[in-house]
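Here is a friendly note to read alongside the structure. Take the points in any order, and keep the model open as you go.

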Amino acid sequence: MEKTMKAVVTYAPGDNRYEDFPMPELEDGEVLLKVKACGIRVWGTSEADRYMEPPCIPGHEFYGEVVDIKGEVPGIAIGDDVCAEQVVPCGHCHFCRTGKYWMCQRSAVFGFKKYANGGFAEYVKLPKTSLKHVLPKSFTKEQSVLVEPIACGMHALEQANIRHDDVVVIAGLGAIGTSMCNIANLKMPKLVIGLEVREERARRAREYGADIVLNPVECNVVEEIMKLTGGLGCDVYV
């Protein structure tokens, strides 16, 4: 009899079902996680332009405990808490061969493809080519599940090469945007400006490193940034 697990399965836009789903079967070099936590993010999709390939299991900000390994996976052991980078590189395209695996032409991301099901399930399979990271046992559940989204923001800011005399503008202050305010602030730039329409997010961003938060609904943010910078504008916009 086929083994099953409980999972949320997406069949179409707005059609998500909690049901029994076949357990992942491992091939050589693959790892099975028992999911401990998964971030919740809603993605818009349409019939005309759909990135998601249903039916599949959503949820791409997850971590879990290693419960099975097929073959040898260096650095990973049963019982480890592990998270995975959310791009699942093919390992063969131009970008993968040149070390820019996050630009993989296959563009596979956990939670959007049938062959890369996500973390809205009891178990999730990490393919051989996925980038796996063992988490410290001292991490809380909340810290562990935030590793992936915060790493995304950190990666973006690393590309920005922020200097001490820069004015940095970060548009959109959800979980990732707020963390980016914090990371940008650690670079000690001249000013960190956030753009956000929701007051709760704006308040939190100010707590975590934004010097100023502007609401695009209430003011002309371009004019305000020009005033704040003597007409020069920002140096970094994210």
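A residue counts as exposed when its relative accessible area is over 50%, as buried when that area is under 20%, and as partly exposed in between. Please keep in mind that this is a predicted model.

1. Let us begin with methionine 188. Its relative accessible area is 58%, which is over the 50% limit, so methionine 188 is exposed. You will find methionine 188 in the loop between helix H3 (175–186) and strand S9 (191–195). Its backbone is worth a look too: phi is positive, about 55°, although methionine 188 is not a glycine.

2. A second residue of this kind is asparagine 161, with a positive phi of about 50° although it is not a glycine. Asparagine 161 sits in the loop between helix H2 (141–160) and strand S8 (167–171). Is asparagine 161 buried or exposed? With a relative accessible area of 57%, asparagine 161 is exposed.

3. One more backbone detail concerns two prolines. Proline 54 and proline 55 are joined by a cis peptide bond, with omega at about -5°. Proline 55 belongs to the loop between strand S3 (31–38) and S4.

4. Now to the sheet. In which order do the five strands of the open sheet come? The order is S6-S3-S4-S5-S7, and the pairing is antiparallel. S6 and strand S7 (132–134) stand at the edges with a single partner strand each, so one side of each has no neighbour in the sheet. On average, neighbouring strands of this sheet are turned by 45° against each other, direction ignored.

5. Within that sheet, have a look at S4 and strand S5 (residues 81–84). The two run antiparallel and are joined by three bridges. Glycine 64 is found opposite valine 82 in S5.

6. The aromatic rings come next. A pair of aromatic rings is described by the distance of the centres and the angle of the planes. The count here is two aromatic pairs. In one of them, the ring centres of phenylalanine 62 and phenylalanine 110 are 5.2 Å apart and the planes stand at 85°, so this pair is edge-to-face. Which parts of the chain does the pair link? Phenylalanine 62 is in strand S4 (residues 62–69), while phenylalanine 110 is in the loop between helix H1 (94–97) and strand S6 (123–126), 48 residues apart, so to the reader these are distant parts of the chain. Both phenylalanine 62 and phenylalanine 110 are buried.

7. Tyrosine 101 and tryptophan 102 also form an edge-to-face aromatic pair, with 5.3 Å from centre to centre and 75° between the planes. Tyrosine 101 is partly exposed, its relative accessible area being 24%. Tryptophan 102 is partly exposed as well, at 41%.

8. A ring can also have a charged side chain over its face, and tyrosine 11 is an example: arginine 17 lies there, 3.9 Å from the ring centre.

9. On to the charged side chains. Side chains of opposite charge can pair when their charged atoms come close. How many salt bridges are counted in this model? The count is twelve. One of them is between arginine 163 and aspartate 166, whose closest N and O atoms are 3.1 Å apart. Aspartate 166 has a relative accessibility of 2%, so it counts as buried.

10. Helix H4 (residues 199–207) deserves a slow look. It holds both glutamate 200 and arginine 203, three residues apart, about one turn of the helix. Their side chains meet in a salt bridge, at 2.5 Å from N to O. Glutamate 200 also forms a salt bridge with arginine 204, where the closest N and O atoms are 3.5 Å apart. Arginine 204 and glutamate 200 are four residues apart in H4, again about one turn of the helix. Glu200, Arg203, Arg204 and Glu207 are linked in a network of salt bridges.

11. How accessible are these side chains? Glutamate 200 is partly exposed at 42% relative accessibility, arginine 203 is partly exposed at 34%, and arginine 204 is partly exposed at 28%.

12. Finally, cysteine 219 lies in the loop between strand S10 (212–214) and helix H5 (221–228). Its relative accessible area is 24%, so cysteine 219 is partly exposed. Leaving aside neighbours within four places in sequence, cysteine 219 is in contact with Leu214 and Glu224.

Conventions:
Residues numbered from 1 in each chain as written. Predicted model: local features only at pLDDT ≥ 70, side-chain atom pairs only at ≥ 80, totals over all residues. Heavy atoms only, no water. Phe/Tyr/Trp six-rings, centres within 6.5 Å; stacked < 30°, edge-to-face > 60°. Buried < 20%, exposed > 50% of the residue type's maximum accessible area, 1.4 Å probe, protein only. Lys NZ or Arg CZ within 6 Å of the ring centre and 35° of its normal. Salt bridge = Lys/Arg side-chain N within 4 Å of Asp/Glu carboxyl O. Contact = heavy atoms within 4.5 Å. Pairing = 2+ DSSP bridges. Axes fitted to C-alpha atoms, helices over the stretch in contact; angles between N-to-C directions.
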